[in-house]
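Here are a few notes to read alongside the model. Keep the 3D view open and follow the points in order.

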Amino acid sequence: MTLSRLACTKKPCLKNLTWEERLILTRQTGFDFLEISIDDTDERITRLDWTKKVKQDIKNTMERTGVKIQSLSLSAHRRYPLGSKSAETRSNALDVFKKAVDLAVELGIRTILIGGADNYYGESDQESQDWFLTNMGKGFEWASGAGVMLALENWDIQIDTLSKAMEYVRYFNSPWFQVYADFGNLIFAGVDVVSQLEEVKGHIAALHIKDTLPGQLRYVTPGEGEVPFVDAFTKLAQIGFQAPVVLELWTEEFPDAVEIVEEAGKFIRARMKDGWSRFQAGQP
């Protein structure tokens, strides 16, 4: 299994680095690939409108450094929800979706994370849920036709458990639509991590690793929250999990971000090893 996701380095901020510097930093801090974020900020949404030259330059940089941008976290749908009751907003949401699929194809990205919320900042009801499903279906057609995996992440609201995410996996019933599991979001939702992992056996396309506390979704140092990492990795070994693992940290404003990332990576790898060792020893 592999880990990666960086937010910001110490000097200068990662936002100001070139893509070559970002990819080199990924390798230097012990990770194998990078996950690109298309969130709901203007800065990152504009990545969907990169010119062909910019995209080709990034592809050349990945080839030169040997570090891939392997997955895309598409959380811009917080701003443009697929389940919005506004036709204009839904149109913008589909535009974002289509551009994200196109970007994934052009950069060789394998998996797009889809956020588990039909209407993040608004009211969720049957209408918003129906629109979400309808528009997810359109995005699914684009992605599956292009050979790009869609993976629905359990978020902090609405689709906040793996059980709920699995309802969509069963609905689409395709190898191109799976679950993007997030340990920390399960703790935040107040459900049992280990039993939830059992429910998505064979359907985890990728895994987000972060630590959380009830009521605190971000800025929890791995090991200081309530995620039962060793138990979770033991369960993953039991269910035959094989997929990329992405370390998710919120360190953009931290002056010691690089050190935080490196230490978090070491901590998680050690917990992985403990979990797999426990499984191999036949321990529950």
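1. Helices here are DSSP runs (H or I, at least four residues), strands are E runs of at least two, and both are numbered from the N terminus. Buried means under 20% relative accessible area with a 1.4 Å probe, protein chains only.

2. A word on the source: this is a predicted model, where local features need pLDDT of at least 70 and side-chain atom pairs count only at pLDDT 80 or more, while totals for chains, interfaces and linings use all residues. Residues are numbered from 1 along each chain as its sequence is written, and side-chain values use heavy atoms, with hydrogens and water left out.

3. Just after helix 9 comes G240, with a positive phi of about 75°.

4. Now look at N185 in helix 7 (residues 183-189). N185 is buried, at a relative accessible area of 3%. A polar atom of its side chain sits 2.7 Å from the backbone oxygen of N154. Beyond its neighbours within four places in sequence, N185 is in contact (heavy atoms within 4.5 Å) with residues including W155, D160, K210 and L217.

5. Which residues does I112 touch, leaving aside neighbours within four places in sequence? Its contacts include L72, L74, A104 and V148.

Notes: Buried means under 20% relative accessible area, exposed over 50%, partly exposed in between (1.4 Å probe, protein chains only). A polar contact is a pair of N or O atoms within 3.5 Å; within protein, one must be able to donate a hydrogen and the other to accept it, and residues adjacent in sequence count only if both atoms are side-chain atoms.
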